[in-house]
Amino acid sequence: LKEKILPFLMKNPDKAFDIKEIIEGTGYSIQLVMQDYGATPESRFRRTLETFAEEGSIEIRIIKKTIGEELYYKVVRVDTNATK
């Protein structure tokens, strides 16, 4: 997933995405991901995004909603060599 997620985020460095947008933006179907991974369909995506955050490549933003909160992910460091 690393090879798909970071390039997707780097194409849109000024935008933050939620997990569903990232799944679909990387060419996966949210329905297929749910079928393959069961109760926590996006867990592999979240773990990969958390790894990127620990490395300092992306930031995670928590947006408070009326009910609960939602996580958004945004690239913070764009390596111009990786986008070529």
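This is a predicted model: local features need pLDDT of at least 70, side-chain atom pairs count only at pLDDT 80 or more; totals for chains, interfaces and linings use all residues.
The buried residues of α1 are covered by several parts of the protein, among them α2 (19–25), α4, β1 and β2. The residues in question are I5, L6, F8, L9 and M10, each of which is buried in α1.

Before going further, let us take in the whole chain. The protein has 4 helices and 2 strands, and read from the N terminus the elements follow the order α-α-α-α-β-β. Of its 84 residues, 30% count as buried. Taking contacts between residues at least 6 apart in sequence, 47% of them join residues at least 24 apart.

Now look at α4, one of the elements that cover α1. Helix α4 takes in residues 43–55, 13 residues in total. From first C-alpha to last it reaches 18 Å, close to the 18 Å expected at 1.5 Å a residue. Which residues of α4 are buried? They are F45, T48, L49 and F52. These four lie on the same side of α4, because the arc they cover around the axis is only 95°.

How do α1 and α4 meet? The axis of α1 (residues 2–11) and that of α4 come within 10 Å, and they cross at roughly 65°. The crossing is right-handed. On the α1 side, the contact is made by K2, I5, L6 and L9; on the α4 side, by F45, T48, L49, T51, F52 and E55. Compare this with the burial described above: I5, L6 and L9 are among the buried residues of α1, and F45, T48, L49 and F52 are the buried residues of α4.

Follow the chain just past α4 and you come to G56, which takes a positive phi of about 90°. Further along are the two strands, β1 (residues 58–64) and β2 (residues 69–75). They run antiparallel and are joined by 7 bridges. To see the pairing for yourself, find I60, whose bridge partner in β2 is Y73. Another pair to pick out is K64, which stands opposite E69 in β2. Together β1 and β2 form a hairpin with 4 residues between them. In the turn, G68 has a positive phi of about 80°.

N12 sits in the loop between α1 and α2. Although N12 and K74 are 62 residues apart along the chain, their C-alpha atoms are separated by 8.6 Å.

The second stop is V76, in the segment after β2. Is V76 buried, partly exposed or exposed? Its relative accessibility is 43%, so V76 counts as partly exposed. V76 and P13 are 63 residues apart in sequence, yet 7.3 Å apart in space, C-alpha to C-alpha. Setting aside neighbours within four places in sequence, V76 is in contact with G56, S57, I58 and E59.

Methods. Residues are numbered from 1 along each chain as its sequence is written. Side-chain values use heavy atoms; hydrogens and water are left out. Two strands pair if DSSP finds at least two bridges between them. The expected span of a helix is 1.5 Å times one less than its number of residues. Buried means under 20% relative accessible area, exposed over 50%, partly exposed in between (1.4 Å probe, protein chains only). The arc is that of the directions from the helix axis to the C-beta atoms. Axes are lines fitted to C-alpha atoms, for helices over the stretch in contact, and angles run from 0 to 180 degrees between N-to-C directions. A crossing is left-handed if the near helix is turned anticlockwise from the far one by less than a right angle, and right-handed if clockwise. Contact means heavy atoms within 4.5 Å.
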